[in-house]
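Subject: Structure handover and notes

Hello,

Here is the structure I said I would pass on. My notes come after it.

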Amino acid sequence: MAGAFSLPTEYWLSIQITPQDVENLHNYLFERETPLTTRDLSFEFVDARIKAERAAAEGKHKAAGRSYLPKEKYQVGEDIVFPALDWKRGTVTALREGVNPSSSGFDVLTIAMEDRTERLFAANLEMHYLNDAPIAEPEKNELSAESILRDFSDQIEKKLEASFNSDHGLVKIAGSWFPRSLLIDINQGQLNLAEAVLDMAGGEPLTTEALMKDIELPASVNPKLAEFSLNYALQSDERFDEVGPAGQVLWCLYRLEPDFVREVPAPLRYSEIEHDRSVLSAEIRNLEDQLDDELTPPDKDDAHGDISSITITLIYPHLRAGTLPMSARARRLFPTAYESPRVRFTLVDGKTKQRIPAWVVLEYGYVYGLREWYKAHQLIPGSIVQLKRGEKPGEVIVEVKSQRSSKDWVRTVLVGKDGGFVFAMLKQPITAEFNDRMVIHVPDFKSLDPVWEKKQSFNDLVLSVMRELTKSNPQGHVHAQELYAAINLVRRVPPAPLFALLETNPAFKHVGDLHFRLDEEA
């Protein structure tokens, strides 16, 4: 029985997409008249390649000689292939009459096999089970598109994407491809109607299907084709923005999107601070990971593994802007998109079930839409927010662990008229759980604005904040986490530049457990 057809691993790792492959996929899309994703097309591509390689292999086997059947007659010098021996090849070197009491009139062939062994086979023999040429059932590990894509989907899809992107005959919308020549024409009047419909929606994104109800398109056209054509026309018009999560197309007017979705809020803007990440110890890198800062570059393993919930401690910039950091961990909870840099989704209050329209700003790594929710819960810098995977796609649950309204002694920032600031331990109203090291009450957000406007070098700023923090600690020690939260009251700074300064500047002495002491005489 023949073995299962296979192709080596190297074949798929080094595979190249040929013009013929792309043309075949063009034809496949023409036949289907339905937009398909790269994953869908990669299945068709792999399946076609397997069939082509299998046919080529079978053709080579046939070209190598006649297939062996016991009932056939053969001549000395003739080449024969043996399907039951995994298509091994051999040459007839001798032929004699067979001698067997139960059979007569058959030949015995001496075959020189390609592996240099010599074997004997019967020929001119009518009664033999191989004469029926049974078709071998596929083995359980028979090569298939499913099995190949399980192991090589990333490599194959990237190469197909590159080939499709350079092919002007294909267009892509929301992750799906379609032949440009099949698109129906969407005129300016129809686009103006789409704008009017979205205008009336007041910034609430609408599906393409909803827009099509108010736009007259030919009734005879395939609905999928009409929908894709409208999507393409909208994408090509700068008035419209596709803001749906992966797998869903939603359209919004760009001019109706919130300001802080179209541009980064001032409190989140970071001016690059040169630093060397290699100086960070393993202990301080671990703290960096825990802080869930969106400006921390993700490790290569951050995107792997499932996650159902995380807790995030709010720092002042996010509280002021009404945003959440989309850190490497949080990114796995929030919806993403095939192409759009902005994604509209829904946050759901885990206790009240209030639905909060929100936006994922993928390019800059933050979630916008929580300003009023923060105010309603009276959150302060250092408050703890819990995020959970929603019950429906495109939804994320957000909640705080509230506590009975009471007053507690917490670090409070006080700003003078000259823009100077100090920290004091004062009793403040507390309504939600907080991180002891990162909590800082800000009586008036606007009072900090003059401090943000001051132009002070990063080193001088850290030194001044450190001095103020040490005044409230009898030991004169400050934890790196406390310093990170305090620095972000007056300037947007991710953990790495700050921690690198602590590790390299002799003015900061590590006294253990990530506590630092100020030694300005060093």
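Predicted model: local features only at pLDDT ≥ 70, side-chain atom pairs only at ≥ 80, totals over all residues.

Helix H7

H7 runs over residues 223–235. At 1.5 Å a residue its 13 residues should span 18 Å, and the end C-alpha atoms are 18 Å apart, so the two agree.

The buried residues of H7 are Leu225, Ala226, Phe228, Ser229, Leu230, Asn231, Ala233 and Leu234. The elements covering these buried residues include helices H5 (188–200) and H6 (208–212). Strands E7 (170–173), E8 (176–179), E10 (240–242) and E11 (250–253) are also among them.

Ser229, which lies in H7, has a relative accessible area of 2% and is therefore buried. Leaving aside residues up to four places away in sequence, Ser229 touches Leu183, Ile184 and Ile186.

Helix H13 and its packing against H15

H13 covers residues 458–470.

H13 packs with helix H15 (residues 495–504) at an angle of about 75°, and the two axes are 11 Å apart. Angles of 65 to 115 degrees count as roughly perpendicular, so H13 and H15 are roughly perpendicular to each other. On the H13 side the contact is made by Phe458, Asn459 and Val462, and on the H15 side by Pro497, Leu498 and Leu501. By class, this contact has five nonpolar residues, one polar residue and no charged residues.

Glu78

Glu78 is in the loop between strand E2 (66–67) and strand E3 (79–82). Is this residue buried or exposed? Its relative accessibility is 18%, and the cut-off for buried is under 20%, so Glu78 counts as buried.

A polar atom of the Glu78 side chain lies 3.1 Å from the backbone nitrogen of Gln75. Not counting residues up to four places away in sequence, Glu78 touches Arg66, Gly90, Thr91 and Val92.

Regards

How values were computed:
Residues numbered from 1 in each chain as written. Heavy atoms only, no water. Helix = DSSP H or I, 4+ residues; strand = E, 2+ residues; numbered from the N terminus. Expected span 1.5 Å × (residues − 1). Buried < 20%, exposed > 50% of the residue type's maximum accessible area, 1.4 Å probe, protein only. Contact = heavy atoms within 4.5 Å. Axes fitted to C-alpha atoms, helices over the stretch in contact; angles between N-to-C directions. Parallel < 35°, antiparallel > 145°, perpendicular 65-115°, else oblique. Nonpolar A, V, L, I, M, F, W, Y, C, P; charged D, E, K, R; others polar. Polar contact = N/O pair within 3.5 Å; in protein donor to acceptor, adjacent residues only side chain to side chain.
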